[in-house]
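This text walks through one protein chain, from its overall layout to individual side chains. Please look over the sequence and the model first.

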Amino acid sequence: MDNKWLNVGKIVNTHGIRGEVRVISRTDFPEERYKIGNTLYVDLGTEHVPVTIETHRKHKQFDLLTFENLHNINDVERFKGNLLRVPKDQAVSLDEGEFFYHDIIGCSVFTVGGEELGKVKEILSPGANDVWVVKRKGFGSDILIPYIPSVVKTVDIEEAKIIIEPMEGLF
């Protein structure tokens, strides 16, 4: 991924004939990103095409968007399969103890005793709290770490290092 851009979602299809697109969101802030009047950029590989949000609505698991001056299916057909992005300098500020997924994925995970467990490869959001999926160093099944204060002791984004206190039966 180009380090100057943040992914907001992926345009997976068109919806109807009036220029609406179906988006699978990859943002924690859809209400912010899809505000009417906001500018997003469609990554076509060779260029980032600016589009301005005209309408937004939810439909099933999708966000449906229309863009200003693109009111026909033929205007948006070329966007299918491409990412919607924003420049990295438009990142939403977070409170202390909150992190962007891209900051956590790739971090090395250690126990409080110093044992390296592996690296975070993905984050699941099943409900009450996130679960960090750690690919074990060496062999073995992935480790699932709940993001709760009693388990995750420190997160150092600068060093890409996470220290945990393993729960009984965690691995």
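Helices (H or I, at least four residues) and strands (E, at least two) are DSSP runs, numbered from the N terminus.

The model is predicted: local features need pLDDT of at least 70 and side-chain atom pairs count only at pLDDT 80 or more, while totals for chains, interfaces and linings use all residues. Residues are numbered from 1 along each chain as its sequence is written, and side-chain values use heavy atoms, with hydrogens and water left out.

The protein chain has 3 helices and 12 strands. Its C-alpha atoms fill a box of roughly 60 × 30 × 30 Å, taken along the principal axes. The domain assignment gives domain 1 (5–90) and domain 2 (101–164), with bounds that come from an automatic or database domain assignment. The centres of domain 1 and domain 2, taken over C-alpha atoms, are separated by 31 Å. Of the 171 residues of the protein chain, 35% count as buried; buried means under 20% relative accessible area, exposed over 50%, and partly exposed in between (1.4 Å probe, protein chains only).

The interior comes next. In soluble globular proteins, nonpolar side chains tend to be buried together. A nonpolar core is a set of buried Ala, Val, Leu, Ile, Met, Phe, Trp, Tyr and Cys residues joined through side-chain atoms within 4.5 Å. The largest such core here has 18 residues, and those with the most contacts inside it are L40, V51, L65, F67, F79 and L84. Two or more residues each come from β1 (5–15), β2 (20–25), β3 (39–43), β4 (48–59), β5 (62–67) and β6 (83–87). Apart from this core lies another, of 14 residues, among them V109, I123, V134 and V151.

What does L84 touch, not counting residues up to four places away in sequence? Its contacts (heavy atoms within 4.5 Å) include L6, V23, L40, V51, L65 and F67.

The structure also holds 5 aromatic pairs. Rings of Phe, Tyr and Trp (its six-membered ring) pair if their centres lie within 6.5 Å; planes under 30 degrees apart count as stacked, over 60 as edge-to-face and the rest as tilted. The rings of F67 and F79 have centres 6.3 Å apart and planes at 75°, so this pair is edge-to-face. F67 lies in strand β5 and F79 in the loop between α2 (73–76) and β6, 12 residues apart. F67 is buried, at 0% relative accessible area, and F79 is buried at 0% as well. Elsewhere, ring pairs link F99, W132 and Y147 into a cluster.

V112 is in the loop between β7 (108–111) and β8 (116–124). With a relative accessible area of 49%, V112 is partly exposed. V112 touches K153, I163, I164 and E165, not counting residues up to four places away in sequence. V112 and L84 are 28 residues apart in sequence and 39 Å apart in space, C-alpha to C-alpha.
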